[in-house]
Amino acid sequence: MHSNAEIGQIDRTAVWHGFTQMAHYEPLVIERGEGNWLFDIEGRRLLDGVSSLWCNLHGHNHPTINAAIRDQLGKIAHVTSLGMIGRTAVELTGRLVDVTPDGLNHVFYSSDGSSSVEAALKMAFQYWQQRENPQPQKTKYVAMGAAYHGDTTGGVSLGGVEHFHSLFGPLLFDVLRGPCPDTYRLPENVTPETACDHYFETFRDLVTGQHQQIAAVVMEPLVQGAAGMIMHPEGFLRRVRDLTRELDILLICDEVATGFGRTGKMFACQHEQVSPDLMCIAKGLTGGYLPMAATLASDAVWNAFLGDLDQNKQFFHGHTYSGNPMAAAAGLASLDVFEEEQVLENLPAKIEHLQRCLQPLASHPHVGSIRQRGLMVGIELVEEKASKQPFPAGQTRGARVCRHALDRGVWIRPLGDVIVLMPPLSIQADEIETLVEAVRYGISQEFP
Ligand code: PMP
């Protein structure tokens, strides 16, 4: 049998991991998972503090999801969505329409979050070109601040995280950069009380003059995840929704990270009773078991694509694994688990317990902010607390704190100096304590 180190050596020469330069860790070869725990090939047990990659909702090796996948495998593993209908995908579609915000009645399946965003961008573009009274000049998009919307060219165009975005300048779509609705680092003369007005007015000033050229506004509702767990002021999403309606701009909500219970409700939009025109979901859609994503569309968007074939009103876009039955079976089983285990009902107590456990960390001189929305947490380390001065580039501490947490048997990953906690929704009270204790330990080791 190979050791962690031996497999790590083989891996280094041949496997091209995403975000290569960010691989800070010594080899950790994972062989199996059980509930909220991962096991490596040397038998080490690690609490999964980030739901694998923010996707594993109900824990690993869940009997209901495993059984549904096995059952589907015994029937058929692939059905083309070109000219045929997969029964499992149809069943999932009905359930998704039920649990998502009202008015999203049409579901386009793809394989990952990035491709669900790409589909939404193309749908929005085509919508204005081919609806009853076309507006062909509507070709621009608006994205908020430092957003991350995936790695396709459209997603990268929307993204504001500098090192993902700037390299590809000549390839990118025409995107207007909206405000970064950050409630931690407020602009000068803005207070928590005036933050929503400030960001909304900045957004309104940006779009008002140009709304006739704007196809869609794209945003993560409530929390910008990969940008560093940036939490928006309450009411911002609602006001963006109202203004986009007023100005005839589509609203695309990217719920790839925030969807499926993560913020305490099934979808983040539902906190502010918002129904977007298009919504992107992925990560938790199959409980984190199999790759599947979806773009949900309103009747108005869908209707613009209805026409005779010779009218060219088709969506020229499709994937081999669209609506894959295995993934759809996992998706249905995950929604069953939500009901059977009363996942949403049990969340408030977990969210509160996590908040209580995190509180003592706030007084640490290098903890600038602890931001939490549901089971989405960012703990930002700063060089100087009063001024919120970050550590200089090249001297970030986040990865080192996570490395120390590993010594306590807890797997977490940072975004720069923001320690991210995204535990499975199935995390238990004692596991929440283990998770936070490992973060406390990591911080205390890094700043003795
Ligand atoms: N949108 C958001 C908000 C995300 O957080 C991510 C992934 N972190 C994506 C899109 C891209 O999803 P994927 O990695 O599945 O392509």
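Two strands count as paired if DSSP finds at least two bridges between them. In this predicted model, strand 2 and strand 3 (residues 45–48) run antiparallel and are joined by three bridges, with F39 standing opposite R45 in strand 3. The hairpin that these two strands make has four residues between them, and within it G43 takes a positive phi near 85 degrees.

## The protein chain as a whole

The secondary structure of the protein chain comes to 14 helices and 17 strands, and the C-alpha trace spans about 65 × 60 × 45 Å along its principal axes. The radius of gyration is 22 Å, which agrees with the value near 22 Å that a compact globule of 448 residues would have.

Buried residues make up 45% of the 448 residues. Of the contacts between residues at least 6 apart in sequence, 71% join residues that are at least 24 apart.

An open sheet of seven strands has the order 4-12-11-10-7-5-6, and its pairing is mixed. Its edge strands, each pairing on one side only, are strand 4 (104–110) and strand 6 (175–178), and the twist from one strand to the next averages 20 degrees. Within this order, strand 11 and strand 12 pair in the antiparallel sense over four bridges, and I281 stands opposite A294 in strand 12.

Helix 9 (residues 236–246) packs on the sheet, where it touches strand 7 and strand 10 (250–254), and its direction makes about 150 degrees with that of strand 10. Helix 8 (residues 195–208) lies across strand 5 (140–144), strand 6 and strand 7 (214–219), and runs at about 160 degrees to strand 6.

An unreviewed UniProt entry places the feature "modified residue: N6-(pyridoxal phosphate)lysine" at K283. This residue is found in the loop between strand 11 (278–281) and strand 12 (293–298).

Is K283 buried or exposed? K283 is buried, because 28 other C-beta atoms lie within 10 Å of its own, where 20 or more are required. Leaving aside residues up to four places away in sequence, K283 touches W54, C55, G113, V256, A257 and G288.

Strand 16 pairs with strand 17 (residues 418–421) in the antiparallel sense over three bridges, and R413 stands opposite V420 in strand 17.

Conventions
Residues are numbered from 1 along each chain as its sequence is written. This is a predicted model: local features need pLDDT of at least 70, side-chain atom pairs count only at pLDDT 80 or more; totals for chains, interfaces and linings use all residues. The radius of gyration is taken over C-alpha atoms; the globule rule is 2.2 Å times the number of residues to the power 0.38. A residue is buried if 20 or more other C-beta atoms lie within 10 Å of its own, exposed if 12 or fewer, and partly exposed in between; C-beta atoms are placed from the backbone. Two residues are in contact if their C-beta atoms, placed from the backbone, lie within 7 Å. UniProt positions are given in the numbering used here, feature names are shortened, and annotations may be inferred rather than shown by experiment. Axes are lines fitted to C-alpha atoms, for helices over the stretch in contact, and angles run from 0 to 180 degrees between N-to-C directions.
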